[in-house]
Amino acid sequence: MASCAFPLLAQSIFPPSDFTYFHSVSPLKTVHRSRRKSRRNGAIILTMAAANAASNGAGGVNPTKLVTFLGKGGSGKTTASIFAAQHYAMLGLKTCLVIHSQDPSPEYLLNCKIGSSPTKCNDNLSAVRLETTKMILEPLKRLKQADARVNMTQGVLEGVVGEELGVLPGMDSIFSVLEIENLVGFIRNNVSQKNNEKPKFDIVVYDGISTEETIRMIGATSKSRLYLKYMRNLAEKTDLGRVASPSILRLVDDALSLSGRGNNLNGRTSSEIWDYLETTLTKLSSVFAEPEKFGCYLMMDPNNPMSVNSALRYWGCAIQAGAQVSGAFGITAPDSLIALGETVENNFSPLPCAFVPYLKLNNRLNWNEIMVGNQSEGARNILSETNKKSLLNSVKFNPSDKSVKLFMPGFDKSEIKLYQFRGGSELLVEAGDQRRVIRLPSEIQGKVGGAKFVDRSLVITMR
């Protein structure tokens, strides 16, 4: 298997002077909006709330949307998460804010005690703090119940005491994925053929342990497909796999059935089960590119160049993980908006950009006043936007000159490597500790002839 890595031209994180900006909510305009425009944008938000109420009243079942923020520690991700949760709750959407840390700041900002189960903070808004020591217990309970039915471990699993188990490295992310799935229902909403159950929440806002862990979780479904392929080969082509895999699959299916998410895998052939799992991962990975199901936003402190550069890097990493980034937010004092507005837009165009209001923490926060203020308007408009046409296409194929254009903000030439392992049908791109497979259309399949940077994009020529 051959591999190749190509030298790339240096890039600037700033677009050229003649670059055209699209869909940008300017902080300059946010500061100087007229009252007439404020009333008009306020009417848009009220119209969205009315449309949501009408949809619920008509009995329509909309999938739960997951919203998260990416940025350097201290950039305001928790503040933005609470702001977003308040926004969606004011629209009449049942919203759950999910905090995965022991930081007490969210309780202070919400003036609400947050526990390990959803706690109602105000109308339409609940909050929950994920604690892995508690999240371990429910999956273990389901496995014990399933094992009692299939008798796979012959009672050994029943002797495991969940309350004495500690948390090992990596378990936080694994069990938080299971809990988010329980709240959002990606499998229920996107895979199950019989889904008439109304979701408990319309919006789930996730404030994770770190941006790196969140990006790993976003890319988990697409990256798992290759592991599934090798596991299938092991199960179908080895004696050990042919003996063990049927029992393991039955145990997993019984555990899912006890949680209400079983898909009746019993009775299917092994080939049908593996095909089903492959289809499931394919559907789940596509969720993160759909703005009506997943909202991913960058967060930064425009006064801090390291925070801005980190947000740019996380933008590229999110693209590598298979997600669409829907906007960029800055958080700063009101008197700095005009000076920093162009800095944010120049770096993050064509993403829509706005500022999250600066919060004075010396007094109890009045979220009703904060949300209806002029400083909140631009950010609320971006959070309400779900138009697919405004999203940036990160991969563009040009059959006329046999080239592929990959939008990769935040990276330089020394950080990107290109590989080909299966002839000329695929292209593997490695950057930001992420690997992404680009499947090439038949018109441009071949070997890589060269690559260069043009305006934050990697242009690859095939031959």
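Here is a short chat about a sheet, a helix and a pocket in a predicted model.

User: Hi! What is the strand order in the open sheet of 8 strands?
Analyst: Hello! In this predicted model, the order is β3-β4-β2-β5-β1-β6-β7-β8, and the pairing is mixed.

User: Which strands stand at the edges?
Analyst: Those are β3 (119-122) and β8 (353-356). Each has a single partner strand, so one side of each has no neighbour in the sheet.

User: And what does the twist average from one strand to the next?
Analyst: The twist averages 30 degrees.

User: Do tell me about β1 and β5: parallel or antiparallel?
Analyst: They run parallel, with 4 bridges joining β1 (residues 65-70) to β5 (residues 203-207). As one example, Thr-68 has Tyr-206 in β5 as its bridge partner.

User: Switching to helices, which strands does α15 lie across?
Analyst: Helix α15 (residues 374-384) lies across β1, β6 (294-300), β7 (327-331) and β8. Its direction is at about 125 degrees to β8.

User: New topic: how much space lies in the second largest pocket?
Analyst: About 1,500 Å³. The pocket is lined by 47 residues, and the closest to its centre are Ser-222, Lys-223, Arg-435, Arg-436 and Val-437.

User: Which element gives the most to that lining?
Analyst: That is α9, with 14 residues. Other elements giving two or more include α11 (270-287), β12 (426-431) and β13 (434-439).

User: What is the lining like by class?
Analyst: The lining has 20 nonpolar, 13 polar and 14 charged residues.

Notes: Residues are numbered from 1 along each chain as its sequence is written. This is a predicted model: local features need pLDDT of at least 70, side-chain atom pairs count only at pLDDT 80 or more; totals for chains, interfaces and linings use all residues. Side-chain values use heavy atoms; hydrogens and water are left out. Two strands pair if DSSP finds at least two bridges between them. Axes are lines fitted to C-alpha atoms, for helices over the stretch in contact, and angles run from 0 to 180 degrees between N-to-C directions. Contact means heavy atoms within 4.5 Å. On a 1 Å grid over the protein atoms alone, a cavity is a set of points where a 1.4 Å probe fits but cannot get out, and a pocket is an open set with protein on both sides within 12 Å along at least five of seven lines; lining residues have an atom within 4 Å of a point. Grid points are joined across faces, edges and corners, and a volume is the space filled by probe spheres set on the points. Ala, Val, Leu, Ile, Met, Phe, Trp, Tyr, Cys and Pro count as nonpolar, Asp, Glu, Lys and Arg as charged, and the others, Gly among them, as polar.
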